[in-house]
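Take a look at the model below.

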Amino acid sequence: MAAKDEAEVKKAFNRFDGNGNGKLSLAEIDKACLELYPEIAKDKPAIMRAYKAADTSGDGFVDYREFKYLVDLLHYFHELSQQFKVLDANHDNRISLAEFVKGHEMVGIHMADEDAKAEFAKIDTNHGGYILFSEFCTYMAKKKAPPK
């Protein structure tokens, strides 16, 4: 990373770090999003997913090293959240099998009933009969991951 880029990242981190303790809480990230990314600030599920994904140490905070990925993650999960909302036609914060099938049809993918049910079951990891945002994010991340 170039020195100028590093300085910009450090400046942004310090702006997020309201109490100056060198690590960001979820509340600090949420407050910074209100100021810096108002379109994302309203998207609490995307903020939570980005926060959890960035906290690779698992200590409940995002330190400077982890922060370098946080902004990209905020945008990535916000994009996924927007896709999820399109699929969630009845706005109940979950995707039914019917919504799943209709979403595929909207993008020109027609699946046989058996195939749709099998794919849906793969995504519905808690077997609740609906795809939750967290399950959708995990599924999409696997779909976009490069092959091994």
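Start with exposure: buried means under 20% relative accessible area, exposed over 50%, and partly exposed in between, with a 1.4 Å probe and protein chains only. By that scale Glu35 is exposed, and so is Arg15. Of the 148 residues of the protein, 35% count as buried.

Some ground rules come next. This is a predicted model, in which local features need pLDDT of at least 70, side-chain atom pairs count only at pLDDT 80 or more, and totals for chains, interfaces and linings use all residues. Residues are numbered from 1 along each chain as its sequence is written, and side-chain values use heavy atoms, with hydrogens and water left out.

Now the fold. The protein has eight helices and two strands. These are DSSP runs numbered from the N terminus: helices are H or I with at least four residues, strands are E with at least two. From the N terminus on, the order is α-β-α-α-α-β-α-α-α-α. The C-alpha trace spans about 55 × 35 × 25 Å along its principal axes. Contact means heavy atoms within 4.5 Å. Take the contacts with a separation of 6 or more: residues 24 or more positions apart account for 51% of them.

Next, the interior. A nonpolar core is a set of buried Ala, Val, Leu, Ile, Met, Phe, Trp, Tyr and Cys residues joined through side-chain atoms within 4.5 Å. The largest such core has 35 residues. Leu24, Ile29, Phe67, Leu70 and Phe136 have the most contacts inside it. Two or more residues of this core come from each of helix H1 (3–16), helix H2 (26–36), helix H3 (38–41), helix H4 (44–54), H5, helix H7 (113–123) and H8. H5 gives the largest share, nine residues. Which residues does Ile29 contact, leaving aside its neighbours within four places in sequence? They are Phe16, Leu24, Ile47, Tyr51, Val62 and Leu70.

Turn to the charged pairs. A salt bridge is a side-chain nitrogen of Lys or Arg within 4 Å of a carboxyl oxygen of Asp or Glu. The whole structure has six of them. One joins the side chains of Lys68 and Glu6, at 3.7 Å from N to O. Lys68 counts as partly exposed because its relative accessibility is 33%. Glu6 is also partly exposed, at 26%.

A salt bridge also joins Glu35 and Arg15, at 2.2 Å from N to O. Glu35 lies in helix H2 and Arg15 in helix H1, so this pair ties together parts that are 20 residues apart in sequence. Glu66 and Arg65 form a salt bridge at 3.9 Å, N to O. Is Glu66 buried or exposed? Glu66 counts as buried, because its relative accessibility is 1%. Arg65 is partly exposed, with a relative accessible area of 47%.

The loop between H5 and H6 deserves a stop. His91 is found there. His91 has a positive phi of about 60° although it is not a glycine. At 62% relative accessibility, His91 is exposed. Asn93 is found in this loop too. Phi of Asn93 is near 65°, a positive value in a residue other than glycine. Asn93 counts as exposed, at 60% relative accessibility. Ser96 lies in the loop between H5 and H6 as well. At 18% relative accessibility, Ser96 counts as buried. Not counting residues up to four places away in sequence, Ser96 touches Phe120 and Tyr130.

Last, the open space. Rolling a probe the size of a water molecule over the atoms shows where empty space is left. On a 1 Å grid over the protein atoms alone, a pocket is an open set of points where a 1.4 Å probe fits, with protein on both sides within 12 Å along at least five of seven lines; lining residues have an atom within 4 Å of a point. How many residues line the largest pocket? The lining has 16 residues, and Leu87, His104, Val107, Phe136 and Met140 lie nearest the centre. Helix H5 (64–87), helix H6 (97–106) and helix H8 (133–144) each supply at least two residues of that lining.
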